[in-house]
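Me: I would like to go through this model term by term and ask what stands behind each label. Please set each value against its definition.

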Amino acid sequence: MSNLERGYYMHPGCNVAVVARIAGTVSEPDLCRALAAVRRIHPFAGAKIVTDEDHNVWFSAGNIPEPPLRVVERTSDTQWFAELQSELKVPFRLVEGPLIRFLLVHSRWVSDLVIICSHSICDGVALTNLIRDILELYADQGKKITVLPPPEIADYLPQARGFSCKTLLPRLFARYGNRCWRKSPHYFSQEDYEAVTRAFWEDREFGAVLIGLGQEETAALAARCRKEGVTIGSAVMVACIAAHEDCAGAFTKNRKLVLIPFDLRRHATRPIGDVFCLCVGGAQFPFTYHSDKPFWANAVALHTEIHRRVKDLDSAGMGISAFDPSFIDAFACFAMLKQMIPDEAFTRTENLARFSEDTKNIAFTFARNAGNMITGTIASNLGKLSIPETYGDLRLDRIIFLPPASELVPLVLGGVTLGGNLEYSLTYIEQKDDRDASRTTEMIRIRNRALELLGFPEKVRPGAIE
């Protein structure tokens, strides 16, 4: 397991989901057969966590239970969201596997297939490819199975050469952190992960506001973007940043940083294939929306910077590989949470209590400093999907991508286009007792203002999900 993957696998908020709306009558036995077959193609769709005596963590595909499928009766077009909210609160059985769950919100004529994964084993592109493979296996029981083993991500990024501040300082930073960490290391278990997961979700709800454009509207937006020389992803991202400035205030200091995940399957140094794994880079840079300039001028500025950095595979976070992997567990999955969940949660296991009492541990020092360095916007656009819409008697009508939400990152976007229809989600965490200022209300205002900036005031609406 890479350090990037370790930064996610025990964090309760780092699960990723996709929803596929399917027209037609879905057979539960045939779907279960397809799910069993798809894990033969993609080992990570049936994987567990194994830890060796040196505290290295490995993915293993041996002796794993079948991926669970929960089926509920579909009573509304938005029922999938309430079901998803419940599923996200349930810890994965890391040491037993799999790190993926399936939910079918089923009716005779239309169903919603929901997939929830640990972010350590997949990204948004992987999930949309998985939807395609499941439906192809559903429609064609004799389809040939070809295993697609996941690659080592680092092998597909350019290797740093020579010495520069950009490469040397992270190495020195990691060396210092590792030296301090190894004087007082802590190692975590399934029990610890379950304790913080339950504490995290006790007073929180996962939230999402959707931006949806039909075929004519998407075509109109695409035409305007071509005229301005930008992508739809750049335009939507800038619209949401500008809307945040109008509705919640301008970003300041490090919140001006934006993080753009990019798909290494398309941008890697050599071909990878449609592998199911976490296969992303991430360009990070500062961006300021200049309200004294036209909206589209801001979009051009962002678009230009994104494409320059993605072309060069300028990936933020590459320096994370230099850290001791067990330090990544402590820092990203537990020390950061210490500032978010009640202290009582760190008394639920003896191991967590010992870690909590080690207040001078370098993991807590890094966590305190990291809070001032969190980016303001993370925007994942999967783009126009080149997957079929028809699978035998079934038709894929809609896909919604829901990246992990964050209390610390104000704007988290996930976009996808299928069949000419654009779907964007804005995900966030809502405090249950936040009676004075609802995050949902604010996110709806941001969504509606973004639609106005993009030229669709008629799409403004009071609800979050439809």
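Predicted model: local features only at pLDDT ≥ 70, side-chain atom pairs only at ≥ 80, totals over all residues.

Me: What makes β10 and β13 a pair of strands?

Reply: Two strands pair if DSSP finds at least two bridges between them. Strand β10 (residues 377–384) and strand β13 (residues 411–418) have six bridges, in the parallel sense, so they count as paired by that rule.

Me: Why are β7 and β9 called edge strands?

Reply: The open sheet has six strands in the order β7-β14-β13-β10-β8-β9, with mixed pairing. β7 and β9 (280–286) each pair on one side only. Neighbouring strands in this sheet are turned by 20° against each other on average, direction ignored.

Me: Which strands stand at the edges of the sheet that contains β4, and why?

Reply: That sheet is open too, with six strands in the order β4-β5-β6-β1-β12-β11 and mixed pairing. β4 and β11 (390–391) have a single partner strand each, so one side of each is left without a neighbour in the sheet. Five bridges join β4 to β5, and the two run parallel; valine 72 has valine 105 in β5 as its bridge partner.

Me: How do you know that α3 packs on this sheet, and at what angle to β5?

Reply: α3 touches β1 (15–23), β4, β5, β6 (110–118) and β12 (394–402), where contact means heavy atoms within 4.5 Å. The direction of α3 makes about 155° with that of β5. Axes are lines fitted to C-alpha atoms, for helices over the stretch in contact, and angles run from 0 to 180 degrees between N-to-C directions. Helix α4 (residues 124–139) also packs on the sheet, touching β1, β5, β6, β11 and β12, at about 160° to β12.

Me: Is glutamate 87 buried or exposed, and what decides it?

Reply: Glutamate 87 has a relative accessible area of 10%. Buried means under 20%, exposed over 50% and partly exposed in between (1.4 Å probe, protein chains only), so glutamate 87 is buried. Its place is in helix α3 (residues 79–87). Beyond neighbours within four places in sequence, glutamate 87 is in contact with Arg70, Arg101, Leu103 and Ile116.

Me: Why is the pair of arginine 70 and glutamate 87 called a salt bridge?

Reply: A salt bridge is a side-chain nitrogen of Lys or Arg within 4 Å of a carboxyl oxygen of Asp or Glu. The closest N and O atoms of arginine 70 and glutamate 87 are 2.7 Å apart, so the pair meets the definition. Arginine 70 lies in strand β4 (residues 69–73) and glutamate 87 in helix α3, 17 residues apart. Arginine 70 is partly exposed, because its relative accessible area is 30%.

Me: What do lysine 89 and glutamate 205 tie together?

Reply: Their side chains meet in a salt bridge (3.1 Å, N to O). Lysine 89 is in the loop between α3 and β5 (100–106) and glutamate 205 in strand β7, so the pair ties together parts 116 residues apart in sequence. Lysine 89 counts as partly exposed at 23% relative accessibility, as glutamate 205 does at 24%.

Me: How many salt bridges are there in the whole structure?

Reply: A search finds 34. Among them is the one between glutamate 305 and arginine 308 (2.8 Å, N to O); both residues lie in helix α10, three residues apart, about one turn of the helix.

Me: What makes a nonpolar core, and how many residues has the largest?

Reply: A nonpolar core is a set of buried Ala, Val, Leu, Ile, Met, Phe, Trp, Tyr and Cys residues joined through side-chain atoms within 4.5 Å. The largest has 161 residues, and those with the most contacts inside it are Trp80, Leu84, Ile115, Phe276, Leu396 and Ile399. Helix α8 (residues 232–248) gives the most to this core, with 11 residues.

How values were computed: Residues numbered from 1 in each chain as written. Heavy atoms only, no water. Helix = DSSP H or I, 4+ residues; strand = E, 2+ residues; numbered from the N terminus.
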